[in-house]
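Please take a moment with the sequence and the three-dimensional view below before reading on.

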Amino acid sequence: MGPTWLDDAVIYEIYPQSFADSDGDGVGDLRGVINRMDYIASLGVDTLWLNPCFASPFVDAGYDVSDYLQIAPRYGSNDDMVELVEEAKRRGIRVLLDLVAGHTSIEHPWFQRELHAEGRDPQGDQYVWCEELPAPSWSTDIPGTPSWVLSPGPRRGWYLKNFYDEQPALNFGWAETVESEPWRDAVDAAGPRRNVQALKDIMAFWLDRGIAGFRIDMAFSLVKDDSVGNRGLPLTTAIWREIRTWLDATYPDTVIIPEGNEPRTDQPLAFDADFFLVIMEEHASLFDNHAAGILPFQTPKRPFFDADGLGSTRTFLDGWNAVKSSHPDRLVVMSTADHDFDRLRCGPRTPEQLGAALTFLLTWGSVPCIYYGDEIGMRYLPNMPNVEGAICNPTYNRAGCRTPMQWNDSPNAGFSGAAPSDLYLPIDPDPGRPTVATQEKEPDSTLSLTKSLISLRKANPALGAQASTRVIYPGYPFAYIRGETHLVVVNPRRDRAILMENEIAGARPLLVNGVSILNNTLTVEGFGYGVFTLPSGSDGRAGPVSKLRTGTPAR
Ligand code: NOJ
């Protein structure tokens, strides 16, 4: 298995297009990130995750790579990336890159070579081509589901895509090989093996330049038809285990984090964590009020972090327990938000409500990941234009969470010197929009709270990812004990909530807003939150949430 440093990590996700533009072209760049490294360090985060910054035609914001070994010129050069990694390292920060493992851009030379070939490559095709269009053996309704695209030629037939048409799926083979469908290579055929080697080569290239690991885009999209018979994607995960074994031998300090949860097979796990994505029910049931639209596979629900207080932690806790019951030490990464959905502050959620959400996210037993701008409470902005494939369908707009970082009150909120019309996306037009400069001066700002929570987490191992997490009340107020020594309570609703529980008697406040304790009664004002030490206790290790107790919520 991989290294242990991820246990203590606090991750910060940067969408490079929108973070800081150093050269005034309206698009963020690596120099912009380097220039802001002191700010990043001031948050207390220790791991950066950069969305893809490789050469790309940007049909899907860089998730369509045309050269994995070259930084996109608009972001800078490979030397700039090396400098960024060094500047981060000087401040104790590791850098993760985003590896798009399952597909490339149609402009990638590998695809262009096969597009211009007469037929199959004798050394094995790196993509999946068919001459007769087969009936789909899976549903293609969900965005990101592979389907066949007519070849623009000269090669005849169709190629398999993973996401947009311009993102052809790399050929990692098929679970089922059928004589009548000759494009179904076995996983050990020449084409799939070339691609596994290509992934290792790309990873080695960037690891040799000092990065600490990868977030793997669509990690479970590799082998097609792999889930036939509900076997938990055994062939795809076998590829990742092969890569993990190679990393352990060659780059042992490297972490790999998948997009989503790793499917369970009867084999050891390959990745260093599961990732409760924003679009997964576990996360959505807590935070999503559908400000970015409703994805086809999501049912509308009132999230738990909602002023009306009609939500539940049940879906989240079930997902959490499912991970922890079989693998108690397994890490789960949980973000405030990400580049694919809405932000923490979206729809009706006001800045006042963010304290409870951030307190939960930074004290729960997961590995926290802060999406750039959420530390100051930037808004998800509806009705943003469709830039670089941000709008997947009419009810799903990702542009609203990708708008430029709001640094200060200078033009373009300090993001860029370009004309406003040349910006990657518009700045939040609200004159009262939050900025780093303002919030750095305010002790009660969302930014100050985020920093305090991170430093509290770092100073108290009981609040870290490997200490135990025990829920004492799953409703309003949500209350849990970390490491058997620290009590956390959050009340995401606007009404006061009261909990009577003997275990809280004598708790001493570390960071509190709107919470009081009298003997065994905890009173939490609307949107209140608090972190306390308990009078005595023993250090616990992580495990499933256990012993749910009844509380007495009151309005
Ligand atoms: C998931 C990424 O997070 C998303 O932004 C991208 O569009 C798809 N994968 C396709 O690569």
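How do the residues of the shell around the ligand divide into nonpolar, polar and charged? In this predicted model, the shell divides into seven charged residues, three polar ones and three nonpolar ones. There are 13 residues around the ligand, and those that come nearest are D60, D217, H339, D340 and R398.

The side chain of D60 places a polar atom 2.6 Å from an oxygen atom of the ligand, while a polar side-chain atom of D217 lies 2.7 Å from a ligand nitrogen atom. In the case of R398, an N or O atom of the side chain is 2.9 Å from an oxygen atom of the ligand. As for the ligand as a whole, it exposes 300 Å² when taken alone, and the protein buries 98% of that area.

The second stop is N78, which has its place in helix α3, a helix made up of residues 78-90. Is N78 buried or exposed? With a relative accessible area of 15%, N78 is buried, because the cut-off for a buried residue is a value under 20%. Leaving aside residues up to four places away in sequence, N78 touches L69, Q70 and I71, and also F205 and W206. A further reference point is P168, which is 90 residues apart from N78 in sequence and 25 Å apart from N78 in space, taken from C-alpha to C-alpha.

Key: Residues are numbered from 1 along each chain as its sequence is written. This is a predicted model: local features need pLDDT of at least 70, side-chain atom pairs count only at pLDDT 80 or more; totals for chains, interfaces and linings use all residues. Side-chain values use heavy atoms; hydrogens and water are left out. Helices (H or I, at least four residues) and strands (E, at least two) are DSSP runs, numbered from the N terminus. Buried means under 20% relative accessible area, exposed over 50%, partly exposed in between (1.4 Å probe, protein chains only). Contact means heavy atoms within 4.5 Å. A residue is near a molecule or strand if one of its heavy atoms lies within 4 Å of it. A polar contact is a pair of N or O atoms within 3.5 Å; within protein, one must be able to donate a hydrogen and the other to accept it, and residues adjacent in sequence count only if both atoms are side-chain atoms. Accessible areas come from the Shrake-Rupley method with a 1.4 Å probe; for residues, only the protein chains shown count as cover. Ala, Val, Leu, Ile, Met, Phe, Trp, Tyr, Cys and Pro count as nonpolar, Asp, Glu, Lys and Arg as charged, and the others, Gly among them, as polar.
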